[in-house]
Amino acid sequence: MATAALLAALIGGRAALLSSSASDLWGKAVREQVKKAAATVEQIRYIYVDRAPLIFRTLGAEIRSDEFRSAAGRASGLVRSHLLVEAEANDALRESLLGAVEEAGDERYRTPTGGFDVGLLLADSFASYQDLLAIDPGATQLRGDRLSRQAGLEVAATIPVALAFLFGALAHGYPRRRRGLLVAGTGAMAIAVLAAVAIEATA
Amino acid sequence: MDADSVGEVEGRSPFDRRLAVLLGIAAVVASLLATAQVGFDRQAGQASSRATRLATRLFEGLTGTGLLTSFQFGSLLQANEGALASSARQVASFDHPDVAEVELAIGKASETASLRALKLAGEMGSAPAASTGLDPHTLSVLTRTTRQLQADVAEQGALVDRAQRFSARSDRVVFALSLLAISGVLLGLAAVMKEGQPGRVSLWSAAAILVLSVLVGGSAFLV
């Protein structure tokens, strides 16, 4: 009975440690998810609130300048002069905005249709946060799930130990059946030890 | 020969044998309850963690798509305003023949520019493609559809319900284990007091509480 109690304490202690580690990992997974989400939202906000509207205005000025200059090419006299004034005013606006958003002038972000690849700009802005990209809360959660499952199996391995305790108690109460009960108790303990070892080995 | 007299022949009183049997049963019940408690606790912890993570992902998706949509509407509105202003300029120029030629030319060029700006707004405001090299996580945040967000809301609610159910079960089993501990203490008391009225009262009280512990533990599966 004392051996059974000791074995139960050992397996139970190991299960408690595993269970605690699993809880820690679940908590870590939540913290990682929050950290990653905060970084992602902030980066999206930076691009779509701080940069993209200015880039759009810069490219808008570029388009207007282009169209006015093109129309001036087909006009003459006062009309032509007015169109060129409009084109130059938009050029000046574009130059002024480019000081605030250099990306708008970067050919790497221009699409074949003359547009702007905001997705590529967002990808580049994330490139300097490789540590945040590497965070994988799902993997941490799965590690917690595995440890928790192992803890559950370890606790289940105490059931044969409890049966061994029962056989020991019965052997104490019924001395004439002592031999058979002790054999059964020893067998139950052996099963518990084998189960615990198997759980550890397959973890 | 009945069981009691066998025990007496073997040198063990019925009191001792009952005490031994109850101790053994208490040990088995304890291991079963502990296994159930760890299992329920695992289900509750797992569901709670997933629910919290999903809530975070949900807010991330709502905020991310909201920012993208806000930019999309803002830029489309800006381009549309330009198109409307240029059309209005061309219409108004007919009432002012002295500047009509100039205003008409500016209006037409401005209108063409606004149409190009509209196309640009549509392109810049659409969700990024995978070919941009954007990491899968950010890509999934920006491309979440309303249907996906609604599915996440439903799943998150189900996970919270699951966490609460298993937490209630775990609490019930902890109560059963507490009763079992009281039963164990009474069994110890009975062992110390030996036979006699106080010992027997302790023994039967321990037995009654042990049965109650089993019933409470079993009822956890019905929560």
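What percentage of the 223 residues in chain B do buried residues make up? I note that the model is a predicted one. I found that 42% of the 223 residues in chain B are buried.

**Entry 1: chain B overall.** I looked up the secondary structure and found six helices and zero strands in chain B. Read from the N terminus, the order of its elements is α-α-α-α-α-α. I then checked the dimensions. The radius of gyration of chain B is 38 Å, whereas a compact globule of 223 residues would have one near 17 Å. Along the principal axes, the C-alpha atoms of chain B occupy a box of roughly 130 × 35 × 25 Å. I also looked up the contacts in chain B with a separation of 6 or more: 78% of them join residues 24 or more positions apart.

**Entry 2: a helix pair in chain A.** I turned to helix 1 (residues 2-74) and helix 3 (residues 118-127) of chain A, whose axes lie 10 Å apart at an angle of about 130°. The crossing of helix 1 of chain A past helix 3 of chain A is right-handed.

I listed the residues that meet. Helix 1 of chain A contributes Gln43(A), Tyr46(A), Ile47(A), Arg51(A) and Ala52(A), and helix 3 of chain A contributes Val118(A), Leu121(A), Leu122(A), Ser125(A) and Phe126(A). By class, I recorded seven nonpolar, two polar and one charged residues in this contact between helix 1 and helix 3 of chain A.

Definitions and conventions:
Residues are numbered from 1 along each chain as its sequence is written. Chains are lettered from A and ligands numbered from 1 in the order in which they are written. This is a predicted model: local features need pLDDT of at least 70, side-chain atom pairs count only at pLDDT 80 or more; totals for chains, interfaces and linings use all residues. Axes are lines fitted to C-alpha atoms, for helices over the stretch in contact, and angles run from 0 to 180 degrees between N-to-C directions. Helices (H or I, at least four residues) and strands (E, at least two) are DSSP runs, numbered from the N terminus. A crossing is left-handed if the near helix is turned anticlockwise from the far one by less than a right angle, and right-handed if clockwise. Two residues are in contact if their C-beta atoms, placed from the backbone, lie within 7 Å. Ala, Val, Leu, Ile, Met, Phe, Trp, Tyr, Cys and Pro count as nonpolar, Asp, Glu, Lys and Arg as charged, and the others, Gly among them, as polar. The radius of gyration is taken over C-alpha atoms; the globule rule is 2.2 Å times the number of residues to the power 0.38. A residue is buried if 20 or more other C-beta atoms lie within 10 Å of its own, exposed if 12 or fewer, and partly exposed in between; C-beta atoms are placed from the backbone.
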